[in-house]
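The sequence and structure come first.

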Amino acid sequence: MATVRPALRAWKAHSDQKRERSRFFRLPPHGRTDRMRENMRILHYDCRAGVSGDMNLGAMAALGVPLAAMQAELELLGLPPDSLRLEAKEAMRGGVAGTEITVHAPCSPCENGHGHRSWADIREMIRRSELSHRVKEDALAVFGRLAEAEAGVHGRAADEVEFHEVGSLDSIADIVGAAFCWEWLGVDAITCSEIELGGGTVHCAHGTLSVPAPATVRLARGMLVSLGGTDHEAATPTGVALMAAKARQERARGRLIASGTGLGHRDSRAMPNALRVCLLETETRRADRSDAVLLEANLDDMSPEHLAYAVDKLFEAGASDAWQEAIVMKKGRLAACLRALCPPEREEAVRDCIFRHTSTLGLRMVACRKYELPRRSKTVEAGGRNFRIKLGGTDGSRSKIEFDDLRRAADETGSPLQEILERVLPEAKGGDLPGCPLNSGGDGD
């Protein structure tokens, strides 16, 4: 792993790549002090011919994400050398040109002695990797949805689910690669059209199944879909999980700044096996409003350790935020109020998670709305180390240095935290950042 991080840093610092990215997306050149862009960047997926993990990677490459960057990011997972290799080529499907990506992943047994990986194995691999915080969060969110769907199909707890096709190295590459591409493109929101699921049958580890596969059906619950548009599996579990975990099915409007087409490996006569994505920018001068559900329960018989574990599980179940508050219940008993905020479509999963991982016999639900200011992050270099800066607000007036990066630098160098902060501040203020004070952000800010 020690040889991977310097290689990635060297790639990211390559001036030709910086100029290419800046020119493609018309970003401000490095060194300018423009305030945070007032435009929100939306990535829209046209899934009317289906969606899969490899089609998505092809679309991301067509949008301009360099294949070398994807490859370098996958190496941060800490897998054995040559476990994953990406190959891209231009091809045609039904008269439509696009990019086809193939993931070369030699079949090799996992640490548990066979070719399957459990959700617990995958979660631990991602958490202990050197991926950025945002990439980890997005990848875990997608895999969490898959684990939940597979658990429902097989009647097992999510942590006990062993992924077959989904848990193989190529699907891990599809999901982690997608999370990285979203970060690289600076995506603020993801939308998608209705999803064509396909028809016919599909062969998998459990035999021949009708399309859509059981896991795909569970993942697509609540989403607008179409069936039978083609005689093959148009939408894979991985592809639908990407949309279910991160996309909203709604109309996307904005200025079109880029588009790309990713191709699947099957050539269908019914419709081109192609996924088109569009990158849009839209002015966002006010907070984004969305519907939400607040679930809460009072608990006076759980240890702090168990409550902290329950909060972690709530995030995996799809909660946007989860926390606990100290309260005093009847008879003067000290207790905690566990609260979770989630999108309406995740209410059932978060509710079940609370009942499963806490001692409560009931909970309260409040329908509400939440407002979010646009946000983004960027990276600055100071003392040979990279530090992430979080920017928020319609004018970028709120800025924080990622505390995890400050703490890591202090631990590795033995320097006081304040000294590291003072070294980073001049570099941060001199880049493409707002002219306002910068603070160190806490975990998950």
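## Confidence

This is a predicted model. The chain has a mean pLDDT of 81, and 81% of its residues reach 70 or more. Residues 1–37 have a pLDDT below 50, and this stretch has 67 contacts in the model beyond near neighbours in sequence.

Where pLDDT is low, the predicted coordinates should not be read in detail.

## Overall make-up

The chain contains 13 helices and 21 strands. Of its 445 residues, 48% are buried. Counting contacts between residues at least 6 apart in sequence, 72% join residues at least 24 apart.

## Helix α9 and its partners

Helix α9 covers residues 237–246, and helix α6 covers residues 133–154. Their axes come within 8 Å and cross at roughly 115°. The crossing of α6 and α9 is right-handed. On the α6 side the contact is made by D138, A141, V142, R145 and L146. On the α9 side P237, T238, A241, L242, A244, A245 and K246 take part. Sorted by class, the contact of α6 with α9 has 8 nonpolar, 1 polar and 3 charged residues.

Helix α7, residues 169–185, also packs with α9, at an angle of about 35° and with the axes 10 Å apart. The crossing of α7 and α9 is right-handed. S171, D174, I175, A178 and W182 of α7 meet T238, L242 and K246 of α9. This contact of α7 with α9 has 4 nonpolar, 2 polar and 2 charged residues.

## The β15–β16 hairpin

Strand β15 spans residues 321–328 and runs antiparallel to β16, with 8 bridges joining the two. β15 and β16 form a hairpin, with 5 residues between them. In the turn, K331 has a positive phi of about 65°.

Two pairs of facing residues can be named. A322 stands opposite A340 in β16, and W323 has R339 of β16 as its bridge partner. Strand β16, residues 334–342, is mostly covered, with 7 of its 9 residues buried.

## K89 in strand β2

K89 lies in strand β2, which covers residues 85–93. Is K89 buried, partly exposed or exposed? K89 counts as partly exposed because its relative accessibility is 47%, which falls between the 20% limit for buried and the 50% limit for exposed.

Leaving out residues up to four places away in sequence, K89 touches G98, T99 and E100. K89 and G58 are 31 residues apart in sequence, and their C-alpha atoms are 8.9 Å apart in space.

Technical notes
Residues numbered from 1 in each chain as written. Predicted model: local features only at pLDDT ≥ 70, side-chain atom pairs only at ≥ 80, totals over all residues. Heavy atoms only, no water. Axes fitted to C-alpha atoms, helices over the stretch in contact; angles between N-to-C directions. Helix = DSSP H or I, 4+ residues; strand = E, 2+ residues; numbered from the N terminus. Left-handed = near helix turned anticlockwise from the far one by under 90°. Contact = heavy atoms within 4.5 Å. Nonpolar A, V, L, I, M, F, W, Y, C, P; charged D, E, K, R; others polar. Buried < 20%, exposed > 50% of the residue type's maximum accessible area, 1.4 Å probe, protein only. Pairing = 2+ DSSP bridges. pLDDT = per-residue confidence, 0-100.
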